[in-house]
Amino acid sequence: MESIYNLIPREEIKPPKQERHQSQFRSTVKNETKTNKSPNKTMGPAKVQVNPPGEYLTKRSKEPQLPEKTDFRYSDADKSRPPVPRHTEKPLMGIKSNKDFVKTNAVENIMSVPKKPAANFVDTAKGSTQPLEPSGLMPVYTKKKEFGKVPNYLQQRNSEVKRAQEEYDAYIKEYYRQGAMKHLTGTERNSILDGLKKNWQEIHHQYQGLSVVTDTPPKKARKERMEAEMKQLERDIELLEKHKTIYIAH
């Protein structure tokens with residue numbers, strides 16, 4: 001039903017908005033996003049040197065620059081014959097020579113050294129030849145001056161090792177002279193080595209007599225102690241057998 005009161009503007013009443021959901025991990029995610037963000041992702045790359053306004057980009061400036069044009073020349077142009085004379089060129093007339101070309105050619109051929117034939121090899125049944133030297137069939141490397149000689153860097157390294165060994169021997173001799181170290185003789189070394197092996201055999205004999213089942217802590221501790229002693233004796237025996245010269249510090 002129409003009414004004149006409907007023409008009066010009414011105040012619009014907006015319904016209240018519901019509260020938005022916020023995750024409890026929002027602050028953590030926000031901090032991780034800020035720390036892991038790349039510096040060039042949003043603001044572009046770092047500042048670079050910019051060309052002045054007068055050096056603006058022109059047409060075809062990005063195209064590759066070709067080298068300057070030069071006259072074409074064959075690689076074997078020096079070996080080619082001279083060009084045919086033109087029809088306008090006139091030959092020199094009336095030139096005479098007293099040279100005896102027959103005698104000259106005969107003397108040059110008699111005095112000339114015969115040319116050594118090139119070393120070739122035949123690789124087909126029809127007799128096709130190929131140069132022998134670049135083929136790899138000729139032992140070219142053995143003909144070098146350095147073949148069979150020790151390289152310079154190895155000689156230098158050997159001299160450095162020899163000098164270091166001499167310095168070490170001199171240092172040991174000085175300590176030995178001052179009485180700071182004692183050199184074990186062969187007899188003392190063998191006696192110590194025999195004693196270590198005897199101790200290892202005794203502990204090994206006791207180890208073999210242990211019970212198979214180690215169900216109590218004392219049995220387990222005794223087994224571990226004996227294994228540690230045997231390993232230490234094995235290391236000492238290996239050390240004495242490996243080194244012939246042994247020094248003992250006082």
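Y5 belongs to the segment preceding helix 1 (26–36); helices are DSSP runs of H or I with at least four residues, numbered from the N terminus. Between the C-alpha atoms of Y5 and T104, which lie 99 residues apart along the chain, the separation is 141 Å.

The model is predicted: local features need pLDDT of at least 70, side-chain atom pairs count only at pLDDT 80 or more, and totals for chains, interfaces and linings use all residues. Residues are numbered from 1 along each chain as its sequence is written, and side-chain values use heavy atoms, leaving out hydrogens and water.

## Packing of helices 4 and 5

Helix 4 (residues 186–208) and helix 5 (residues 217–242) have axes that come within 10 Å and cross at roughly 155 degrees. The two helices are therefore roughly antiparallel to each other (angles over 145 degrees). Their contact (heavy atoms within 4.5 Å) involves residues including R189, W200 and Y207 in helix 4 and K223, E227 and D236 in helix 5. The residues of this contact divide into eleven nonpolar, three polar and eight charged.

## Nonpolar core

Ten residues make up the largest nonpolar core, among them L184, L193, M230 and I246; such a core is a set of buried nonpolar residues joined through side-chain atoms within 4.5 Å. Helix 5 gives the most to this core, with five residues. L193 touches I237, L240 and E241, not counting residues up to four places away in sequence.

Technical notes
Axes fitted to C-alpha atoms, helices over the stretch in contact; angles between N-to-C directions. Parallel < 35°, antiparallel > 145°, perpendicular 65-115°, else oblique. Nonpolar A, V, L, I, M, F, W, Y, C, P; charged D, E, K, R; others polar. Buried < 20%, exposed > 50% of the residue type's maximum accessible area, 1.4 Å probe, protein only.
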